[in-house]
Structure formats: C-alpha cells, structure tokens
Amino acid sequence: LVIDRLREDGSTVRVFQSEVHKNTLDCRFDPIQITLSKLCNGDMYRPLIWTVFDWDRVGDPDLIGECQASVMDLLPPPGADPGAPNKQLTLTRKSDESSKKKKGKTYGRLEFVRAEVHRRPTFFEFLGGGMQISLFLAIDFTGSNGNPMQHGTLHECLTDPPNN
C-alpha cells in the first residue's frame, strides 16, 4: 500500500509506504498513525492517491489498482453509529498501453476498518481550559557571592570588553 499526496500542480508526493505482505491476495495492513501535516499538509480535503501493488519475487511489483480519497472521505459522518459499515474504496486502473488491463474496471477494494483524527490541544488551550501551574522561583541575594563590581567575585560585571 502506497499513499501519495496530490499537490496543487498535479504532481504527487509519497507520504507513506506499508510493509510488504508476501504470498497473499487478502492483505490486512497494520494500523497507520501519521500526522495530518505529513499526510495531507493539514488539509483534510486534499486528495490522496491510495495505490495497491502485488509483490513479485523477481522484478518490480505489479499494480493491482488505485483509488483517490481525502481524509474527510474516510471519516465517519458526525454522530454516526460506531457499528456503521466500514468505508470501502474501489481499486481501478488508468489505461495502460503495456497491459491488458482495462481502464475503469474494478480490480479489488480497499476497506478501512476505522479512521480517526486525534486533535492535540496546544499549551494555551490547556491554560484556557483551567489548567493550573505552580511556579517556584529562587533568586540568590546572598552576600557570599561578593560585590559584582569587584574582580574575582562570582558575579563579576566587567566594564572592559571580553578577551582582553
């Protein structure tokens, strides 16, 4: 499974590539945890290209199919039943001169068991929500440090430029 982010100019940027599942046509991918900034540049409506390949021992992997969906397309609607059916995307192929595969034909499906976006509150939102902070501050005013205007004391303030 490869996820590419579609840019404004039509080019793509690879944002994720899953582990390889060998000798199976019924893959179950591990859950993905990825930041929105990396996945879709923070734009949950930005199109993502989901591409599935068939691994080959010899040569390059064969394209099974691809589909396009944004993060918003994968999220359940607000207030949806948690037991609602999973989101399924149909894998199709673009026309390929070198292949006998037909354009637009269904070559499988990509099923999302669960899609969630977890929002992390900022420090200021914690404060605004009533978070309390205790601050302990200590200032050393003891005379044992010596006069800062005298040479050789702990907090000496030199009037001459340094490195003389």
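Let's start with V2, whose bridge partner in strand 2 is Q17. Two strands count as paired here if DSSP finds at least two bridges between them, and the elements themselves are DSSP runs numbered from the N terminus, with helices being H or I of at least four residues and strands being E of at least two. A word on the model before I go on: it is predicted, so local features need pLDDT of at least 70 and side-chain atom pairs count only at pLDDT 80 or more, while totals for chains, interfaces and linings use all residues. Residues are numbered from 1 along each chain as its sequence is written, and side-chain values use heavy atoms, with hydrogens and water left out.

Staying with the hairpin of strand 1 and strand 2, there are five residues between the strands, and among them G10 takes a positive phi near 95 degrees. Strand 1 has another partner too: strand 1 and strand 3 pair in the antiparallel sense over four bridges. In strand 3, L48 is the bridge partner of R5.

How many of the residues of strand 1 are buried? Five of its five, where buried means under 20% relative accessible area, exposed means over 50%, and partly exposed is in between, using a 1.4 Å probe and protein chains only. V2, D4 and L6 point one way from the strand, I3 and R5 point the other way, and all are buried.

Now to charges. Side chains of opposite charge can pair when their charged atoms come close. The rule I use is a side-chain nitrogen of Lys or Arg within 4 Å of a carboxyl oxygen of Asp or Glu, and the count comes to four salt bridges. Let me walk you through some of them.

R14 forms a salt bridge with D4, with the closest N and O atoms 3.0 Å apart. R14 lies in strand 2 (residues 12-17) and D4 in strand 1 (residues 2-6), so this pair ties together parts that are 10 residues apart in sequence. D4 is buried, at 10% relative accessibility.

Next come R46 and E8, whose side chains meet in a salt bridge at 2.9 Å, N to O. Here R46 sits in the loop between helix 1 (36-40) and strand 3 (48-54), and E8 in the loop between strand 1 and strand 2, so the parts tied together are 38 residues apart in sequence.

R114 is exposed, with a relative accessible area of 66%, and E116 is partly exposed, with 48%.

A few single residues next. E66 has its place in strand 4 (residues 62-69) and counts as buried at 18% relative accessibility. Setting aside residues up to four places away in sequence, E66 touches I49, W50, T51, T90, L91, T92 and K94, a contact being heavy atoms within 4.5 Å.

S18, in the loop between strand 2 and helix 1, is buried too, at 12% relative accessibility. Leaving aside neighbours within four places in sequence, S18 is in contact with L1 and F29.

Most residues other than glycine have a negative phi. N41 is in the loop between helix 1 and strand 3, and counts as exposed at 52% relative accessibility.

Let me finish with the largest pocket. A pocket, on a 1 Å grid over the protein atoms alone, is an open set of points where a 1.4 Å probe fits, with protein on both sides within 12 Å along at least five of seven lines, and lining residues have an atom within 4 Å of a point. About 1800 Å³ of space lies in it, the volume being the space filled by probe spheres set on the points, which are joined across faces, edges and corners.

Which residues lie nearest the centre of the largest pocket? They are L1, D30, P31, I32 and F112, out of 48 lining residues. Strand 1, helix 1, strand 3, helix 2 (71-74) and strand 6 (109-112) each supply at least two residues of that lining.
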